[in-house]
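Hi there,

Here is the structure I promised to pass on. Have a look at it first, and my notes follow below.

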Amino acid sequence: MSTILDGKRLVLGTCYYPEHWPETMWREDLQRMLASGIEVIRIAEFAWNKTEPEEGVFTYDFFDRFLDLCDEAGMKVIFGTPTATPPAWLTERYPEVLNVDVEGNTYRHGARRHYNYNAPVYRYLTERIVTKLGEHYGQRKCIIGWQIDNELNCETDQFHSEADSAAFRLFLRDKYGTLDALNTAWGTVFWNQTYTNWDEVHVPRKTISNSTNPHEVLDYTRFVSASARSFCKLQSDILRKFIKPGDFITTNGMFASLDNHQMTRESLDYYTYDSYPNFAYCLDAYNPDDRDLRDRRWSRNLIQVRSISPEFGIMEQQSGANGWNTRMEAPTPRPGQMTLWTMQSIAHGADYVSYFRWRTATMGTEIYWHGILDYSGRENRRLRELKDIHAKLAKLAPVAGQKYRAKVALVKDYDNEWDAALDKWHDRVNWASESALFEASQRTHTPLDFVFIDHADDAQLAGYDVLFYPHATIMTAERADMLRRYVEQGGTLVFGCRTAYKDITGQCVMDKLPGLVADLTAADIPEYSFIAPDAGKVTVDWNGTELEATVFADLVEPTGDGVREATYTSDYYAGSGALVSHAVGKGKAYYYGSAFNAASARVFLEKLGVAKPFGGDLELPETCELAVRGKYAFVLNYKKEPATVCVKRPMRELLSGETLQGEISVPGYGALVLEL
């Protein structure tokens, strides 16, 4: 595998677009990058015309000249396949490749990602251009890896062309076999939607109330994911024939309606992410009540990336202000924030960090999406900060290859992710609890992982002391059995409200709730409701500790060996059970009848004995994040003011080389990296 993720050191890169700049600038740019600590550049992901300027006419001179300079300079290259932006000759000659929205409007040429994955001619032309690129550049010395497309499902995850309907029918035929089975799975007897011919089945279309069959939409989302994965695998399979031993294949992003875990397993060597924490400071997203968690919320994204690919890189890391000429206005990172956000990525497991971009574009939609250099290319503060980051990373070499340490995990799966995206009831509780558990883990300095149970095994679950699976609305027998085995072997499992009331099709079950996990939790739910707006504060008593119920209330009572742990104490819920526990084998399962808020999530972490696992070594203010890779603890200060950290025993700090103990001041936007 490539030297950028070999577990031996941390590597810096940047994104560069030679097609944007006069050829006379290339050599100097490469030399300046190398002098600043940049070892790798990503190129070509939007440059189809530079290889195929007209249909069937191929020329390689442009990138040959640029790659010759890279070979000469010693710059390593990640080469992008250019399929995110089909050229004008292609979309003009083959308009069927263009994407269509739910109302039937075609997305025209002039932006990016305006194609659909399923048009046969686009797949053929993609296969041809990727083959040509692989044949010609696959053995290039300077190329160490390939990026497929760019940000699959970015801009939109909705595809409604005729090619998509045709492919959707094939997807459903393969899944269900018969229309009878499809009609049953989709519950088409409701509102007289029964299908009698496959030609009657389409991708979701505009309806009178914008409400569509939820079971159809759930399968459609699965289809969109399968389409994107198929498009990725088409390219990956081609590149495997031509690349050198040790060169890698990746793609970047993390966008909706896409099983990134499965795509990585099928097609990639590892995954890369595009991290822009100052989206939190966009003018249209500014929230003065968000306090100190604003850009820290990108740690939540990094947690999910780590679940997809334990070895991962950052293909696009924040380096300048954000903005298109049409949307997204975010300020230039303050002095130190570029370093802080780099440390954030590394703390969560990235060994490769590539900045977007080297030079800021002087033309096009992204003229306000600033890179390391501004339009003039003059020396600036961000370039000086980059050089300082490079010096710091040399001192952090022992961190490379170390694994993130967490004993608590939030359990997720794609079926429930996608169901929450289309079901407002599900979305309300899901968003509340995910946000709350992340916030509570951050404020208590409890490292957290995400585990996607649809891509996990028993051994992976067994690595955690506590699992939170807050709203597993869709439950399967296989997953319920896996969770039972986890608990039997000594694990602690916490469910929240609205668990197991749907099957895999998204239809509601007729079992007594909580359905397939009723036996595991020893819980019964005779009644449930959204918490009414006039209910006021709905409180719960857990052995003397007061919690506030959030969004929803399952009235939950124990069955068999179950134990009522907590009781509602207000509104008409008063006196009903709010939390039930059940000892199973060596472990215990809990069913909490509400969604989580930050305060109740914190109580659970504390009562279950997993909060502040490194509290004996370090005491941190809530304004700092603690992330631990192997034996190295990252303390990240997201505030512009200094923060005081108590180091309770002598520890070596990697960046300074000093041994620290006692009260230590961490500068604004600063970091400590301590050897535990």
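Asn 380 caps the N-terminal end of H11, with one of its side-chain oxygens 3.2 Å from the backbone nitrogen of Arg 382. Please keep in mind as you read that this is a predicted model.

How does the length of helix H11 (residues 381-395) agree with its 15 residues? At 1.5 Å a residue they should span 21 Å, and the end C-alpha atoms are 22 Å apart, which agrees.

The buried residues of H11 are Arg 382, Leu 383, Glu 385, Leu 386, Ile 389 and Leu 393. They cover an arc of only 155° around the axis, so they sit on the same side of H11. The general rule behind such a pattern is that an α-helix has 3.6 residues a turn, so residues three or four places apart point the same way. As for what they pack against, the buried residues of H11 meet strand S1 (11-15), helix H1 (26-36), helix H10 (337-347) and strand S9 (350-356).

**Helix H9**

Helix H9 (residues 297-308) has eleven of its twelve residues buried, so it is largely enclosed by the rest of the structure. Among the buried ones are Trp 298, Arg 300, Asn 301, Gln 304 and Arg 306. Arg 306 also lies over the face of Tyr 404, at 3.6 Å from the ring centre.

**Rings**

Another arginine is placed over a ring: Arg 327 lies over the face of Trp 324, at 4.4 Å from the ring centre.

For ring-ring pairs, the count comes to 46 aromatic pairs. Phe 62 and Phe 63 are one example: their ring centres are 5.0 Å apart and their planes are at 85°, so the pair is edge-to-face. Both Phe 62 and Phe 63 are buried. They also belong to a cluster linked by ring pairs, together with Tyr 16, Trp 26, Tyr 60, Phe 66, Phe 79, Tyr 137 and Trp 146.

**Asn 637**

Asn 637 lies in strand S23 (residues 632-637). Leaving aside neighbours within four places in sequence, its contacts include Leu 340, Cys 624, Pro 642, Val 666 and Tyr 669.

Happy to talk any of this through.

Best wishes

Methods. Residues numbered from 1 in each chain as written. Predicted model: local features only at pLDDT ≥ 70, side-chain atom pairs only at ≥ 80, totals over all residues. Heavy atoms only, no water. Phe/Tyr/Trp six-rings, centres within 6.5 Å; stacked < 30°, edge-to-face > 60°. Buried < 20%, exposed > 50% of the residue type's maximum accessible area, 1.4 Å probe, protein only. Lys NZ or Arg CZ within 6 Å of the ring centre and 35° of its normal. Helix = DSSP H or I, 4+ residues; strand = E, 2+ residues; numbered from the N terminus. Expected span 1.5 Å × (residues − 1). Arc of directions from axis to C-beta. Contact = heavy atoms within 4.5 Å. Polar contact = N/O pair within 3.5 Å; in protein donor to acceptor, adjacent residues only side chain to side chain.
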